Amino acid sequence: MGNVLGPAALRAPRRGEPLGSPGSFDELHRQCKEVFPQQMEGVKLIVTKTLSSHFQAFPTLVGDMDNSGSLNAQVLHLVAERIRTKAVFQTHQAKFVTWQFDSEYRGDDCTATITLGNPDLLGESVILVAHFLQSITSRLVLGGEMVYHRRPGEEGAILTLAGKYTALKWVATLNVGYGGAHASYYHRANEQVQVGVELEANTRLQDTTFAFGYQLNLPQANMVFRGLLDSNWSVGGVLEKKLPPLPVTLALGAFLNHWKNRFHCGFSVIVG
């Protein structure tokens, strides 16, 4: 009699099938942000180094240092199959600016993270951030962020709600809280062209910014170009060139702010 169900029925998701991991809270706008070029100034060397071959290449050290001696370093470690930890250190020349510690749990369809930032026991100050994301469907993710801060004479907490919808060729993300809103839209036109749009509103500063970014991939030339245009009258672009078979990428960027009459350019070497 043949297959009476048809191919469409065979492709239907089975009841109880995992929804998939929603990723981390910090990665909600990642696809849109990766389209935008990172501002560069001066000369920078970025090196990625694996410290151990155990635990799926964990622990891992990722760091970069600019020409003034300022360091930005991250140490990641896989404690268990579902638990990851991260330590972040930032210095400005010889002074520590930021140090924070993260612990993340990734379930089959949810993610929970706790971050401890700039703890100071003597000064009785600390920043504690809690994130939670849940996959509602295979395309929809909902969650929130709670930020608690304490220092002498001041204490408070801020709640932010978040949602992300992923389609076949586009991703829409929205964060809304007491401090404002952050919305982004990412669209993949084809294998060579990707675009992104970001809108950020800050209620405390009563300021709203808008930015448009695009990425052009030239695989035959091992080159990627990223450009941006925002509401602050800034334009910029970064050209990246890979040098196979060496694990080296060269990047050249230039940025101009017409409103403030400022021009920045930079060159970086990425190893790893």
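Trainee: Which residues is H29 in contact with, leaving aside its neighbours within four places in sequence?

Mentor: H29 is in contact with T173, L174, N175, H182, A183 and S184, where contact means heavy atoms within 4.5 Å. Keep in mind that this is a predicted model, where local features need pLDDT of at least 70 and side-chain atom pairs count only at pLDDT 80 or more, while totals for chains, interfaces and linings use all residues. Residues are numbered from 1 along each chain as its sequence is written, and side-chain values use heavy atoms, with hydrogens and water left out.

Trainee: Why is H29 called buried?

Mentor: Buried means under 20% relative accessible area, exposed over 50%, and partly exposed in between (1.4 Å probe, protein chains only). H29 has a relative accessible area of 6%, so H29 is buried.

Trainee: What makes a polar contact between the side chains of H29 and N175?

Mentor: The two side chains come to 3.3 Å. A polar contact is a pair of N or O atoms within 3.5 Å; within protein, one must be able to donate a hydrogen and the other to accept it, and residues adjacent in sequence count only if both atoms are side-chain atoms. The H29 and N175 side chains therefore make a polar contact.

Trainee: How do you know whether C110 and C265 are buried, exposed or partly exposed?

Mentor: Good one! C110 is at 17% relative accessibility, so C110 counts as buried. C265 is at 42%, so C265 counts as partly exposed.

Trainee: How many disulfides are there?

Mentor: A disulfide is a pair of cysteine sulfur atoms within 2.5 Å, and by this rule the count is zero.
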